[in-house]
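Hi,

Here is the structure I promised to pass on.

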Amino acid sequence: MTSGGGQRVLVTGAAGQIGTELVLALREKYPAEDVVAMYRSTPLAPEVADGGPSAVGDVTDAEGFARIVEEHDIGTVYHLAAILSATGESNPVVCFDVNMGGLLNVLELARERDLRVFSPSSIAVFGPDVPSEAPQDSVLHPTTMYGMTKVAGELLADYYAQAQGVDVRGLRYPGLISWRTPPGGGTTDYAVAIFHSAVQGQPYTCFVRADTRLPMMYMDDAIRATLDIMDAPAERLTCPASYNLAAVSFRADELAAEIASRVPGFEVHYVPDQRQAIADSWPDAVVDTVARDDWGWEHEFGLEEIVADMLENLSREQQLETA
Ligand code: NAD
Ligand code: AKB
């Protein structure tokens with residue numbers, strides 16, 4: 001076990017899109033009873049709830065969170081509980097409270113109890129003034145509250161690492177595509193919702209323009225990157241809390257065309273809403289050569305592989321539901 005203070009691992013936000021899959025992956029890597037799934041109101045997926053320990057709590061409640069860490073003998077926290085970009089623009093104060101207050105509670109406890117921390121960042125740290133392919137070292141002027149909390153979260157993580165000696169690591173995930181758990185209120189959610197319509201034989205109404213190009217990644221790659229960066233030797237990491245991470249970039253209509261090549265007759269209509277402005281504020285792609293050089297990051301899934309795997313898994317799930 002690679003934890004600091006205690007023996008076990010805690011995943012906050014364990015009912016979410018990433019948390020569900022990360023808990024399952026960690027329970028493959030470590031004994032299942034050593035991986036605690038923490039959630040608030042959204043229930044855990046049955047395979048997470050039934051496969052090991054869990055705890056109910058709110059990351060903005062410092063005392064309650066400390067109790068969970070103490071009771072479960074936690075040494076490493078994968079801190080995924082957050083409010084994402086689209087929900088964050090509807091509720092900016094809640095977004096600030098959860099994303100900043102929750103992270104501060106996690107990092108303070110990490111300082112007191114010698115915990116290791118994974119704290120994800122996002123392509124949302126970038127604003128409209130970066131090049132269309134954002135380099136690792138860019139100006140960070142996001143236009144959303146979510147992006148602002150991610151920039152401040154990276155700075156907070158760097159502060160706790162440098163001034164307080166906390167081992168905290170993080171990745172700037174692109175939009176993540178997965179079939180097991182629906183995404184929780186982000187701008188890149190169209191790249192998941194489109195598959196659900198396709199397997200149901202329905203047309204999809206896409207909330208961004210056809211020519212919207214964003215950085216994306218399959219969940220399998222994101223989970224592998226998460227486990228790899230936590231295992232990487234500290235001396236290899238030149239920007240431990242804020243690595244650009246890339247896999248593929250595609251326009252919404254390129255994704256639709258790839259799906260239509262496997263689902264004949266599939267139709268997409270484009271009706272942009274307020275999420276278009278968020279998508280337009282993010283870069284088309286990110287440059288992740290520093291992650292590749294520092295700790296050997298390589299993605300495995302391109303657009304074709306993502307589409308094939310998504311359609312296969314969602315079709316199987318749908319057949320099971322209707323059987
Ligand atoms: P999600 O919305 O699917 O899950 C987040 C979970 O946090 C939810 O289950 C929610 O109930 C929980 N939560 C919210 N407020 C809470 C609180 N106060 N206390 C406890 N739990 C609370 O999000 P996700 O997509 O799994 O994202 C996880 C992390 O990864 C976030 O930090 C997010 O910013 C980051 N990220 C995600 C993506 C992506 O495409 N999914 C991309 C970039 C970065
Ligand atoms: C969102 O769209 O908010 C997330 C992200 C890229 O951070 N998927």
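This is a predicted model: local features need pLDDT of at least 70, side-chain atom pairs count only at pLDDT 80 or more; totals for chains, interfaces and linings use all residues.

The layout comes first. Domain 1 puts 32 residues into the contact, and domain 2 puts in 29 residues.

Next, the area. About 2500 Å² is buried between domain 1 and domain 2. Carbon and sulfur atoms account for 62% of that. On the domain 1 side, look at Q17, P174 and Y218. These residues supply 35% of what domain 1 buries against domain 2, more than any other three residues.

Now the polar side of the interface. The count between the domains is one salt bridge. There are also 15 residue pairs in polar contact across the interface, both residues at pLDDT 80 or more.

Which elements of domain 1 give two or more residues to the side that touches domain 2? They are α1 (17-29), α4 (85-90), β7 (133-134) and α8 (219-231). Of these, α1 gives the most, with five residues. By type, the residues on this side of domain 1 divide into 17 nonpolar, nine polar and six charged.

One pair to check in the viewer is E47 and R180. Their side chains form a salt bridge, with N to O at 3.2 Å.

Over to you.

Best wishes

How values were computed. Residues are numbered from 1 along each chain as its sequence is written. Chains are lettered from A and ligands numbered from 1 in the order in which they are written. Side-chain values use heavy atoms; hydrogens and water are left out. Contact means heavy atoms within 4.5 Å. Buried area is the accessible area (1.4 Å probe) that two parts lose on being put together, summed over both. A salt bridge is a side-chain nitrogen of Lys or Arg within 4 Å of a carboxyl oxygen of Asp or Glu. A polar contact is a pair of N or O atoms within 3.5 Å; within protein, one must be able to donate a hydrogen and the other to accept it, and residues adjacent in sequence count only if both atoms are side-chain atoms. Helices (H or I, at least four residues) and strands (E, at least two) are DSSP runs, numbered from the N terminus. Ala, Val, Leu, Ile, Met, Phe, Trp, Tyr, Cys and Pro count as nonpolar, Asp, Glu, Lys and Arg as charged, and the others, Gly among them, as polar.
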